[in-house]
Amino acid sequence: MSEIISLTGKELRALQLKELDLLRYFRDFCDKHDITYYLCGGCLIGALRYGKFIPWDDDADVFMPRADYEIFIKTYLEENPSERFLLLNETDETFTRNCFATLVDTSVTLVKNYQKDLNIPHGVAFDIFPIDARPTKKSQKYLQFFWCIIYSLFRAQTVPEKHGGIMALGSKILLGIFRSYKRRKKIWKFAERRMTSYSLDDCNLVCELCAGPRIMKNEYPKEFFESTVDIEFEGEKFKAMNGYDGYLRLAFGEDYMTPPPESERVISHDLAKLDLNKPAI
């Protein structure tokens, strides 16, 4: 599993259909428990531009308001409703290098390169991102961003490779100082409480705190997320935020409905292994 694999068009479409299985299951669970979610990112763009997955997209993503995100995790883990679809979130027993929860289809094998050495269920997964309140004062925004960086570093426990040499050096030093998992967990738990301490009742903006450093700085009017609308995706109905057009324009640019150049139409993840006919061993 040391080499990055490439996918044929047929393999990619089969992978997308497995992602659709996950989305259906997730949607039905959320509907049953009256939990709010929204399609987001490339998944939402695909729904609007094509009515289905972007042809070169290899995964699906959803947003959840922080309160619903916490309720979803708690309810899902308590009910443990499926042996096939497992919820992975950072615990003493599970380390994923992610800063967010993922739902995994364990009936098949998909190993991402950054997780290939981890002892976790390696299957087709989709990411569940919480959205949080963004304070108005500039000083509070800087402080929230600082705690986001600390949270991401100590939860993922990985030196970032694509965000500049200074950040990589600082991250390496901090991880070198705090080596034990218990100490790192205590730090990221503290940072998580600080970065999520703002109330939507007191703020006019929301943001993505469990994403990369660049995306963490994105902010959207909270009225974009005040309700949901039905969006057709792969012939079925899923939920999107009521202000989906404004969200996508801010996150991806005014021309988000225009496909990128062919040279940029590639899958977004480095895959070490894929077998959609059997589970990982």
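Buried means under 20% relative accessible area, exposed over 50% and partly exposed in between, computed with a 1.4 Å probe on protein chains only. The model is predicted, so local features need pLDDT of at least 70 and side-chain atom pairs count only at pLDDT 80 or more, whereas totals for chains, interfaces and linings use all residues. Residues are numbered from 1 along each chain as its sequence is written, and side-chain values use heavy atoms, with hydrogens and water left out.

**Exercise 1.** Determine which residues lie on each side of strand S4, and which strands pair with S4.

*Solution.* Strands are DSSP runs of E with at least two residues, numbered from the N terminus, and two of them pair if DSSP finds at least two bridges between them. Start with the faces: Ala101, Leu103 and Asp105 are on one side, Thr102 and Val104 are on the other, and all are buried. Because five of the five residues of S4 (residues 101-105) are buried, the strand is largely enclosed by the rest of the structure. Next, take the partners: strand S3 (residues 85-88) pairs antiparallel with S4 over four bridges, with Leu86 opposite Val104. Strand S6 (residues 124-134) also runs antiparallel to S4, joined by five bridges, and here Leu103 stands opposite Phe126.
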